[in-house]
Number of protein chains: 2
Amino acid sequence: MKSIQIALTGFGYVSRAFFTLLKDKSSEIQKKYGLKFELKLIVKSDGCFKSPYGSLEIRHVSKNGQTWTDGNPFWKKELNLADALNDLGQDGCLVECTPSNYETGQPALDYIKTAFDSNWNVVAASKGALVVGFKEIRETAREKNLNFGFSGATAAALPTLDVGMISLAGTRIESIQGILNGTTNYILTRMSEGLSYAEALKEAQNRGIAEPDPAFDVEGRDAAVKILIITNAIFGTDYCLSDVQVQGISGLDTNYVCEVKAEGKAVKLLATAAPARTGGGWKLGVKPSIIDSSHPLYHVNGTEKGITFLTDSMGLITVTGGRSTPRGTAAALLKDMINIYRNRLTGMAY
Amino acid sequence: MKSIQIALTGFGYVSRAFFTLLKDKSSEIQKKYGLKFELKLIVKSDGCFKSPYGSLEIRHVSKNGQTWTDGNPFWKKELNLADALNDLGQDGCLVECTPSNYETGQPALDYIKTAFDSNWNVVAASKGALVVGFKEIRETAREKNLNFGFSGATAAALPTLDVGMISLAGTRIESIQGILNGTTNYILTRMSEGLSYAEALKEAQNRGIAEPDPAFDVEGRDAAVKILIITNAIFGTDYCLSDVQVQGISGLDTNYVCEVKAEGKAVKLLATAAPARTGGGWKLGVKPSIIDSSHPLYHVNGTEKGITFLTDSMGLITVTGGRSTPRGTAAALLKDMINIYRNRLTGMAY
């Protein structure tokens, strides 16, 4: 049995889902992979929960369903990540789940650098640090021979990076097309059934699919962030968010969506990476696109997501599905952790 | 740059496709992964082609499009794999592409054991050895800390094992359903368009999709072999071919297939692994099954293949596509080789 210390940053939906999932899965993972993940630290902006022994339990950090700090022996006010990791020693994995800031990448970017400084591996669900500082993160990880997993930031339970980087190793990927945002796909699906944009959006909000402020999703920025991170990871490029041409779905006309459907086609918000006409680089974009029924993403409806890779030697490979919930994202973080620490990867017998 | 010696067994369609692909991709792989695969040996039943230096080229093994043995300085009559590997030294990868024998697993099984004896890793496209001797292969690889990749034997370019074992690490897979045989899917697709079974089969044969003797495909045995290997790999089980309940599509009535289609559903030859009703194991089967339009494999038509995993924490994940050609299989072999020898796997920055 290999023991691995875990530090968790942030304490929102994804962090809490990860905390719960780790508890639920602990014995299964020990049995199947010989890995014992011990949650030693939860980092908030004003201090840390820290376990003096063993793994933090939910009862150590909350009382009556509320976060518990005052009078809690596990709460270390003003303890910061660097000092806490220094205390834990040079061996562990940071699970980065703070909210994404696409201007500064903070606080995630500093947390990731601090972890690398302490020779900790990192798995991340935050996208901001990857948009702002991916090049630096990648280079530091490489130099220090540390692992950095970010499936949780690239459509979560949909295995975009695993397929693009492992399953397609040795192929030349000629283009990528994805439905990478479940909210807009839900709205477009409902519009194709006759709802107006406003009605479909309201329904999505009522069902907890769209945020109260839906701009980041409906204006295509969430999909732009994801195709940007996926492209930079797979092709080793250094594009920034301003390189992605983005057009969202807000205000799209239901008549148009329904007419397209009547022709046996569909309007989908496709995020794409395609060879640039000149210069040998990639052209990144997000826009409402008409696809016909033979397209592998035609049947991806509702909140479902999907990604299609066109390759030279394997043809088209498409992966669809994967839960779009905090637990789905937590499962993607856990998957990256297991793949970092397990003995053997696969198609390998093990 | 890391140099890796390669030995290739068999010299049929897949071996030749692999040989060509390796040549085509050589500089790309050196540049992208820092790996130099050097084909030192091609093993036939009556001898080996062996390079005294560098990598074997096509001109070293064939003349005027024919295999060239007589008077060929690269041809070593009666040299066997064990002696050849002994000569090459304890470092390399065997690429196993001999025809599959489902009774004995030979010659693949002996080749694989011989490679392991010489501390070589193995990637395999042959299925026979995996049906007959997977347990032994797995245990030997584990004991000797060697890698064994077999994506090429489990639906080739469709990444069944990568997704099931890497992308779904940490999930509990609750069931697997696959369309794992392109030939039968093609026939069923054409039958749903009105052709009789005999007409659809004949068309598939004329187009080179079905073999002159189609029994292995149409009776469901090819799909059975694949679901067996996938199940044993993913769940660490030791089922044999006789544990798979198999029903093929031969003699299926076109009227039945068309009636199902008229109801908005489809008949597909599904290969499945589902929890057994008793005993805690798995029930494996292949049979023509009716699925409705919400099923993720409903839209997998023609020679295309696909696989769906139902999981606890990630929901449904489906992967479809991947070329069903010798070059697609060769690309799967190459992918496994790269993933064995590359420095870092991913969702990891590298």
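Predicted model: local features only at pLDDT ≥ 70, side-chain atom pairs only at ≥ 80, totals over all residues.
Start with chain A. Helix α5, residues 128–143, packs against helix α10, residues 221–235, at an angle of about 15°, and their axes are 10 Å apart. Angles under 35 degrees count as roughly parallel, and α5(A) and α10(A) are therefore roughly parallel to each other. Their crossing is right-handed.

Which residues make the contact? From α5(A) there are Leu130(A), Val131(A), Phe134(A) and Arg138(A); from α10(A) there are Val225(A), Leu228(A), Ile229(A), Asn232(A) and Ala233(A). Sorted by class, that contact has seven nonpolar residues, one polar and one charged. As for the spacing along the sequence, an α-helix has 3.6 residues a turn, so residues three or four places apart point the same way.

Now chain B, and helix α10 there, residues 221–235. Its 15 residues reach 21 Å from first C-alpha to last, close to the 21 Å expected at 1.5 Å a residue. Is α10(B) enclosed or open? Of its 15 residues, 13 are buried, so α10(B) is largely enclosed by the rest of the structure. After the helix comes Gly236(B), with a positive phi near 65°.

Last item: His60(B), in helix α2 of chain B, residues 58–61. Its relative accessibility is 9%. Buried means under 20%, so His60(B) counts as buried. What is it in contact with, leaving aside neighbours within four places in sequence? For His60(B), the partners are Phe49(B), Ser55(B), Trp68(B), Asn72(B) and Phe74(B).

Key: Residues numbered from 1 in each chain as written. Chains lettered and ligands numbered in written order. Heavy atoms only, no water. Axes fitted to C-alpha atoms, helices over the stretch in contact; angles between N-to-C directions. Helix = DSSP H or I, 4+ residues; strand = E, 2+ residues; numbered from the N terminus. Parallel < 35°, antiparallel > 145°, perpendicular 65-115°, else oblique. Left-handed = near helix turned anticlockwise from the far one by under 90°. Contact = heavy atoms within 4.5 Å. Nonpolar A, V, L, I, M, F, W, Y, C, P; charged D, E, K, R; others polar. Expected span 1.5 Å × (residues − 1). Buried < 20%, exposed > 50% of the residue type's maximum accessible area, 1.4 Å probe, protein only.
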